[in-house]
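Student: I have a structure open and would like to go through it in pieces. Can we start with how a couple of helices pack?

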Amino acid sequence: MVNHTIGVLALQGDVREHVVALESLGCKVIEVRKPDELELVEALVIPGGESTTIFKLAEVFGMTEPLRKSIASGLPVLGTCAGLILLAREILDPASGQQSFGGLDISVRRNAFGNQNDSFETELSVSGIEGSIKAAFIRAPIVDSVGESVEVISTLPSGQIVGVKQGKVIGISFHPEIYGDARVHQLLIDTI
Amino acid sequence: MNEPKSNTGSPLVKRGLAEMLKGGVIMDVVTPDQAKIAEDAGAVAVMALERVPADIRAQGGVARMSDPDMIDGIISAVSIPVMAKARIGHFVEAQILQSLGVDYIDESEVLSPADYVNHIDKTKFTTPFVCGATNLGEALRRITEGAAMVRSKGEAGTGDVSEAMKHIRTILGEIRSLAAKSEDELYVAAKELQAPYDLVCEVARTGKLPVVMFTAGGVATPADAALMMQMGADGVFVGSGIFKSGDPVARGKAIVKAVTFFNDPDVLASASRGLGEAMVGINVKDIPAPHRLADRGW
């Protein structure tokens, strides 16, 4: 097994869970907060958290443009929940001034299921992963529409899109990492 | 839209939201305008309340759950999670907050307790709870009652970080000493901590609490926030420290930066510049013991 060096964008959110998941796959993990740290990684995970907070911190610390450029030039990226929002071409209901880094030709809706009382756990399937995967949806977004080159890799029984892949960029609405499940991280590593 | 809602309110979903708030700042706000300022400054959540602790302390009287209209106003003003406080043991205030659709309920010593013996049975609620603690036993009792997040109490409304320091040192120190014990010592440890044996064993084995722990009570500057993070907090609540300061916008942003870059003195130095007046504050030592909020809850 090649020991890949994978970054976790560590501005805010459930960084620790992603670090643990990646380490369980034998990866060397770098917590990325600054542009020079981004240059060291072969792939990047954007964790769950508050997408507004993560974007504002990225702006303040000069990370937005380096992230946009890296993603546009083919850096493999996995975004979960807030990370999915930050990868979307369009956020349908942004907080004031909130933008994204791009990478996925999709539009997303934040907090699409409602407030925390509507957060839930379920099991679902993801293309490329055998068997079902436990998924926690926590004030989760959904993918409202996808462009032609986007592959839908996971949906809820209602048909709502909760997982997409475009080239080397993967976005999911939910959190497998809080169960210690690293199979979606393996999908990311497979794109390297 | 009918999506599956089978497993709402599970312990993992409740604890999970707190996991997503890690590395963030939760700010006390008393109006929708303040909530917007907090969101713009990069807060991961806001705590909606009628008076910040500094005013509760100054004005005295019984402090209760906020007016539902005010909470509704704050919920509609922002897209980040909204928390609100219920009195210790006041399960009906908590029922009302759940009905309003807040994202987290803080069973808080900052309000006047409604029950001097029992806390709320938090397992009965879909909405998750955060509770204060001054030591490990207290934290574990709250977790047993269903708290999905813990905050070290500090002394709210003072701008004096010394009690926050004492409580986080106590909690983390007690965890370290538990982790060093042999298995046959954990029975007595559970007795001394006044906490369930199984939970004590779990903490001894993992060396950490099973839920996220933020710190609160007296954080007023970026340096205070970074101090708490370097001590091992997962994030920070700032109560009176932002909106009782000279320039809440600048101070809010600076504290958010400090929590992310808590280990980078260069960033902390620049974040500490040009913030105007900090809240005036009161030294905890000057507050007579009966007026200390951290002593509420047991």
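This is a predicted model: local features need pLDDT of at least 70, side-chain atom pairs count only at pLDDT 80 or more; totals for chains, interfaces and linings use all residues.

Student: At what angle do α2 and α4 of chain B pack, and how far apart are their axes?

Tutor: The angle is about 35°, and the axes are 8 Å apart. Two packed helices are described by the angle between their axes and the distance between the axes.

Student: Is the crossing of α2(B) and α4(B) left-handed or right-handed?

Tutor: It is a right-handed crossing.

Student: Which residues make the contact?

Tutor: From α2(B), Pro32(B), Ala35(B), Lys36(B) and Glu39(B) take part. From α4(B), the residues are Gly73(B), Ile74(B) and Ala77(B). By class, that contact has 4 nonpolar, 1 polar and 2 charged residues.

Student: New topic. Where is Asp106(B), and is it buried or exposed?

Tutor: Asp106(B) is in strand β5 (residues 104-108) of chain B. It counts as buried because its relative accessibility is 0%, and buried means under 20%.

Student: What is Asp106(B) in contact with?

Tutor: Leaving aside neighbours within four places in sequence, Asp106(B) is in contact with Met47(B), Ala84(B), Lys85(B), Ala86(B), Val130(B) and Arg151(B).

Student: What about the second largest pocket, how many residues line it?

Tutor: The second largest pocket has a volume of about 340 Å³ and is lined by 16 residues. Closest to its centre are Val15(A), Glu31(A), Arg33(A), Gly23(B) and Phe262(B). Two or more lining residues come from each of α1 of chain A and α12 (248-260) of chain B.

Student: Back to α1(B). How many of its residues are buried?

Tutor: 8 of its 11 residues are buried, so α1(B) is mostly covered. The buried ones are Val13(B), Lys14(B), Gly16(B), Leu17(B), Ala18(B), Glu19(B), Met20(B) and Leu21(B).

Student: What follows α1(B)?

Tutor: Gly23(B) does, and its phi is positive, near 75°.

Student: Last topic, cavities. How many are there of 30 Å³ or more?

Tutor: A search of the whole structure finds 3. The largest cavity holds about 190 Å³ of space. Of its 23 lining residues, Pro53(B), Ala156(B), Ala216(B), Gly217(B) and Gly239(B) are the closest to its centre. β9 (236-238) and α11 (240-243) of chain B each supply at least two of the lining residues.

Student: And what is the volume of the second largest cavity?

Tutor: About 130 Å³. α5 (82-87) of chain A and α1 of chain B each supply at least two residues of its lining. Among the lining residues are Leu17(B) and Met20(B), which are also among the buried residues of α1(B).

Conventions. Residues are numbered from 1 along each chain as its sequence is written. Chains are lettered from A and ligands numbered from 1 in the order in which they are written. Side-chain values use heavy atoms; hydrogens and water are left out. On a 1 Å grid over the protein atoms alone, a cavity is a set of points where a 1.4 Å probe fits but cannot get out, and a pocket is an open set with protein on both sides within 12 Å along at least five of seven lines; lining residues have an atom within 4 Å of a point. Grid points are joined across faces, edges and corners, and a volume is the space filled by probe spheres set on the points. Helices (H or I, at least four residues) and strands (E, at least two) are DSSP runs, numbered from the N terminus. Buried means under 20% relative accessible area, exposed over 50%, partly exposed in between (1.4 Å probe, protein chains only). Contact means heavy atoms within 4.5 Å. Axes are lines fitted to C-alpha atoms, for helices over the stretch in contact, and angles run from 0 to 180 degrees between N-to-C directions. A crossing is left-handed if the near helix is turned anticlockwise from the far one by less than a right angle, and right-handed if clockwise. Ala, Val, Leu, Ile, Met, Phe, Trp, Tyr, Cys and Pro count as nonpolar, Asp, Glu, Lys and Arg as charged, and the others, Gly among them, as polar.
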